[in-house]
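Please read the paragraphs below with the sequence and the model open side by side. They go from a pocket to the helices, and then to some backbone details.

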Amino acid sequence: MRMFMFIVVTTGLLAGVGPTTFAQPAATPAPARQVVELEQLAELGKSVAAIRYESDNVFIYTELSDALRETAKSMEGGQVEFVAKVMRVNSTEVVVEVEPAGKTRLVLMHSTAPVFGNLRTVKYRGPASTQRLHIFSAHVGLRIGSEIKLETAKTLRRRERLVIRGTIDALPVWIESVFAPDAVALISDWKVLEVNPQPSYPR
């Protein structure tokens, strides 16, 4: 009897189906990151800008405001590709102007201070709304070495365009703004992908 069991087990092992062989669970693939198109951001900005025309009815206005904020929130964490136009190149930065998605502004965030703008960005005094507009309107400096390669910076000229991909870190929608309703996508973890692309962004 023992000899019979030995033969059965040995035969199974040689065939690759031993008694202790179990199927291994398949690895779960990482979920794909959401892609947000510039057209979606442009549509959001258009809707935010138009909400002022609904202010004559507080119920309609509030419902639309809440819906716009929910739409903006759903885009946070998504990946987006956009274009930045080269303004000038100095020894430390490539200063660019990020082209908006329609009425939605795109603002690059740096991982080190100053978080917005370029290395010469001034911290304006005054109310928060004024500070926000000044900081966000400053040209962005891509820091040579850490954010853009020196070899690339040496070749760039004014008005050339860079394709950049990044993550929408936050998408605040300021409905009750001192100046005007506003939508701004704050972009983090971004990377320069390409130089001199054909423009393909919403006007």
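Eighteen is the size of the set to look for: the largest pocket is lined by 18 residues, and Ser146, Glu147, Ile148, Trp190 and Lys191 lie nearest its centre. A pocket is found on a 1 Å grid over the protein atoms alone, as an open set of points where a 1.4 Å probe fits, with protein on both sides within 12 Å along at least five of seven lines; a lining residue has an atom within 4 Å of a point. The space in this pocket comes to about 350 Å³, where a volume is the space filled by probe spheres set on the points, and grid points are joined across faces, edges and corners. Strand E7 (residues 182-195) gives the most to the lining, with eight residues. By type, the lining divides into six nonpolar, six polar and six charged residues. Here Ala, Val, Leu, Ile, Met, Phe, Trp, Tyr, Cys and Pro count as nonpolar, Asp, Glu, Lys and Arg as charged, and the others, Gly among them, as polar.

The model is predicted: local features need pLDDT of at least 70, side-chain atom pairs count only at pLDDT 80 or more, and totals for chains, interfaces and linings use all residues. Residues are numbered from 1 along each chain as its sequence is written, and side-chain values use heavy atoms, with hydrogens and water left out.

The protein chain has five helices and seven strands, in the order α-α-α-β-β-β-α-β-α-β-β-β along the sequence. Helices (H or I, at least four residues) and strands (E, at least two) are DSSP runs numbered from the N terminus. Of the 203 residues, 38% count as buried; buried means under 20% relative accessible area, exposed means over 50%, and partly exposed is in between, with a 1.4 Å probe and protein chains only. Among contacts with a separation of 6 or more, 71% join residues 24 or more positions apart, a contact being heavy atoms within 4.5 Å.

The expected span is 1.5 Å times one less than the number of residues. Buried in H2 are Leu38, Leu41, Ala42, Leu44, Gly45, Val48 and Ala49. Seen down the axis, the buried residues of H2 fall within an arc of 160°, so they line one face of the helix; the arc is that of the directions from the helix axis to the C-beta atoms. An α-helix has 3.6 residues a turn, so residues three or four places apart point the same way. The buried residues of H2 pack against helix H3 (58-75) and strands E1 (79-89), E3 (104-108), E5 (161-170), E6 (173-174) and E7. Lys46 also belongs to H2, but Lys46 is exposed, with a relative accessible area of 52%. Its C-alpha lies 9.5 Å from that of Asp182, although Lys46 and Asp182 are 136 residues apart in sequence.

The 18 residues of H3 should span 26 Å at 1.5 Å a residue, which agrees with the 26 Å between its end C-alpha atoms. Tyr61, Ser65, Leu68, Ala72 and Met75 are buried in H3. They cover an arc of only 90° around the axis, which puts them on the same side of H3. The face turned away from this buried side carries the exposed residues Phe59, Glu63, Glu70 and Lys73. On the buried side, H3 packs against H2, E5 and E6. Leu64 is another residue of H3, and at 35% relative accessibility it counts as partly exposed. Leaving aside neighbours within four places in sequence, Leu64 is in contact with Ile51 and Glu54.

Where does the backbone depart from the common pattern? Most residues other than glycine have a negative phi, and most peptide bonds are trans. A cis peptide bond joins Ala113 and Pro114, with omega about -10°; Pro114 sits in the loop between E3 and helix H4 (128-137). Arg159, not a glycine, has a positive phi of about 80°. Arg159 lies in the loop between helix H5 (150-153) and E5 and is exposed, with a relative accessible area of 57%. Asp189 also has a positive phi, near 50°, but Asp189 is found in strand E7. At 67% relative accessibility, Asp189 counts as exposed.
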